[in-house]
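My notes follow the order in which I looked.

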Amino acid sequence: MNTRVYLTLRTAPAMPVEAESLLPENVTGKSAEQIATLPLQVGNRTETVGDHFKVELHEGSSDGPEEGTAALELAGDLTRFKRLGEGMSRGSMTVNGTVGFHAGARMSGGTLTINGDAGDYLGAMMSGGKITVHGNAGHFAGSAYRGFYRGMSGGSILVLGNAGNLTGARMRRGMIAVRGTCGDLAGYAMGAGTVLIGGRAGVRAGANMVRGTVIMLTPPEEMPPTFRYDYTGLPPFWPLLHASLSEAGWIAPQGEPRAEFKRYSGDFNEGGRGELLLLSGAA
C-alpha cells in the first residue's frame, strides 16, 4: 500500500515560486508536518510548502508506477510555480491546474500528468519518464536550454492541445506528440527521436535536423526547401506508434493505423539523413 500526498494551493502567490522540491521522492516516507517544512524559494525569501499549500496524506493503493514511492497530487492555479517535477526520477505526480516554466525538466523517470496548460521548457533536457499534458504547452518543449547542444534524450511528452515554437529543438532521443497545432521550427537541429504533430505545423519544421523523424498529419504552410521527396508508403513503425498513442489517450486527428506517408529526406544542409513524413492525401 502506498501513500498519496495531496497539496491544495491556498492562494495564488504574487511572485514566482521555485518549486523543484515538490517531487514524489521528496515526500515519500514523510509526515504531513515534515512535508509542510519543505523549502520553496519565493523571490529572495525562503518559504515553505505549508505557507502555500494545505497538506493531506491518505494511505492506500497508488497509481504510481513504483511500489513504495508516494503519489503526489497538486491542485490550484500553479502558473507562478516553476520547476514542478524538475529532476523527477520515479513515482507519479499529478497537477490539477496550470503550471509554470520548466515542468518536468531534466526528469529521468516516473510519470508527470498535467491537467491544464504548461509553460515554456516543458520536459527540457529530460532523459526518461513520461509527461502528459491535457492542455497546451509553451515554447521549447523537450528542447535544450540555451548554451546546451542536447535536448531531451529519452522518455515521452504527450500534449493533447497545442505547442509553441522550437518543440523538440536539439532533441537526441525520445518522442514528443502534439495533438493540436505546433509553432515554428519543430524538431530544429534534432539529432534523433520523433516529433509528431497532429494539427498544422509552423514554418521550417525539421530545419537543420541531422537525424530523426518529424511526422505531420496536417499539411504545413510550405515544405522546407532543403528537403527532397523520396517515396510514399507505410512507415514500419507507424502501426505500433499509432496503437501506443491511442492506448495513452492521444487519438490522432487523422491517420489510420495503416496510413501511408510521403517521405522527404533532409535537411540537406546537414547531410540529408533526417526525415519529414507527411500524411498522404493531406497535401
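**Helix α4 and its surroundings**

I started with helix α4, residues 238-247, where Trp238, Leu241, His242 and Leu245 are buried. I looked down the axis of α4: its buried residues fall within an arc of 100°, so they line one face of the helix. I keep in mind that this is a predicted model.

Next I checked the face of α4 turned away from the buried side. It carries Leu240 and Glu247, both exposed.

What do the buried residues of α4 pack against? I found strands β11, β12 (173-178), β13 (194-197), β14 (213-216) and β16 (261-266). Just after α4, I noted glycine 249 with a positive phi of about 95°.

**Serine 156**

I moved to β11, residues 153-159, which holds serine 156. Is serine 156 buried or exposed? Its relative accessibility is 14%, under the 20% cut-off, so I log serine 156 as buried. Setting aside neighbours within four places in sequence, I list Met126, Gly129, Lys130, Ile131 and Met175 as contacts of serine 156.

**Cores**

I then looked up the largest nonpolar core, which has 58 residues. Leu7, Leu22, Phe53, Leu74 and Leu122 touch the most other members. Strand β1, residues 2-9, gives the most to this core, with 3 residues. A second, separate core has 15 residues, among them Met175, Leu217, Phe261 and Leu277.

Technical notes. Residues are numbered from 1 along each chain as its sequence is written. This is a predicted model: local features need pLDDT of at least 70, side-chain atom pairs count only at pLDDT 80 or more; totals for chains, interfaces and linings use all residues. Side-chain values use heavy atoms; hydrogens and water are left out. A nonpolar core is a set of buried Ala, Val, Leu, Ile, Met, Phe, Trp, Tyr and Cys residues joined through side-chain atoms within 4.5 Å. Buried means under 20% relative accessible area, exposed over 50%, partly exposed in between (1.4 Å probe, protein chains only). Helices (H or I, at least four residues) and strands (E, at least two) are DSSP runs, numbered from the N terminus. Contact means heavy atoms within 4.5 Å. The arc is that of the directions from the helix axis to the C-beta atoms.
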